[in-house]
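Dear colleague,

Please find below the structure I am handing over to you, followed by an account of what was found in it.

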Amino acid sequence: MIRRTTLVVALGLQAAAAAAQTTTPTPATAPAPTTAPAQPAPSTTATAKPGVTLEKFEARREKAFMAADTDGDGKVSLAEWTAFQTQHKAKGDPAKAFARMDANKDGSVDKSELDAFLAKRFARLDKNGDGMLGADERPGHKTAPNQEQ
């Protein structure tokens, strides 16, 4: 008798739970917006060109270059550059690369000289002249032609 009562109570609870689920009102949905949704930022649209801008190109290389500034004077000397290149096992002659960057030939490269050098390099790499370096135009990319860094 007790089992039968327990079974009846259990079935009754299940029925009550099922009824509660079907009779509970659903929450009101938010009204549809009356204005058109905001357009995504240009960089996220399908028409955005993938690639690296001059600003990104300069920022990345400037950060790496200025890591060679061990005395913190805001300039990189030939000695600092040579030590940095040796530490990073860079290919090529560090003095030759440094000479190309040291526009005023004062024995150090500051931010303005580096920016000018990088702008020329960017223009040379940007084969199609669109202001962006695509994957095939970036040095070291598997689709890029083999060229001196």
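Helices here are DSSP runs of H or I spanning at least four residues, and they are numbered from the N terminus. Please note that this is a predicted model.

By that numbering, Asp 115 and Lys 111 both belong to helix α5, where they stand four residues apart, or about one turn of the helix. The two form a salt bridge, with their closest N and O atoms 2.7 Å apart. Asp 115 counts as buried because its relative accessibility, 18%, is under the 20% limit. Lys 111, by contrast, has 42% relative accessibility and counts as partly exposed.

The structure holds two salt bridges. In the other, the side chains of Glu 62 and Lys 111 meet at 3.2 Å, N to O. This pair links distant parts of the chain, as Glu 62 lies in helix α2 and Lys 111 in helix α5, 49 residues apart. Through shared partners, the salt bridges join Glu 62, Lys 111 and Asp 115 into one network.

Turning to the nonpolar side chains, the largest core has 17 residues, and those with the most contacts inside it include Phe 57, Phe 65, Trp 81 and Met 101. Two or more residues each come from α2 (54–66), α3 (78–87), α4 (94–101) and α5 (111–125). Helix α5 gives the largest share, five residues.

Which residues does Trp 81 contact, leaving aside its neighbours within four places in sequence? They are Phe 65, Ala 68, Val 76, Pro 94, Ala 97, Phe 98 and Met 101.

With kind regards

Key. Residues are numbered from 1 along each chain as its sequence is written. This is a predicted model: local features need pLDDT of at least 70, side-chain atom pairs count only at pLDDT 80 or more; totals for chains, interfaces and linings use all residues. Side-chain values use heavy atoms; hydrogens and water are left out. A nonpolar core is a set of buried Ala, Val, Leu, Ile, Met, Phe, Trp, Tyr and Cys residues joined through side-chain atoms within 4.5 Å. Buried means under 20% relative accessible area, exposed over 50%, partly exposed in between (1.4 Å probe, protein chains only). Contact means heavy atoms within 4.5 Å. A salt bridge is a side-chain nitrogen of Lys or Arg within 4 Å of a carboxyl oxygen of Asp or Glu.
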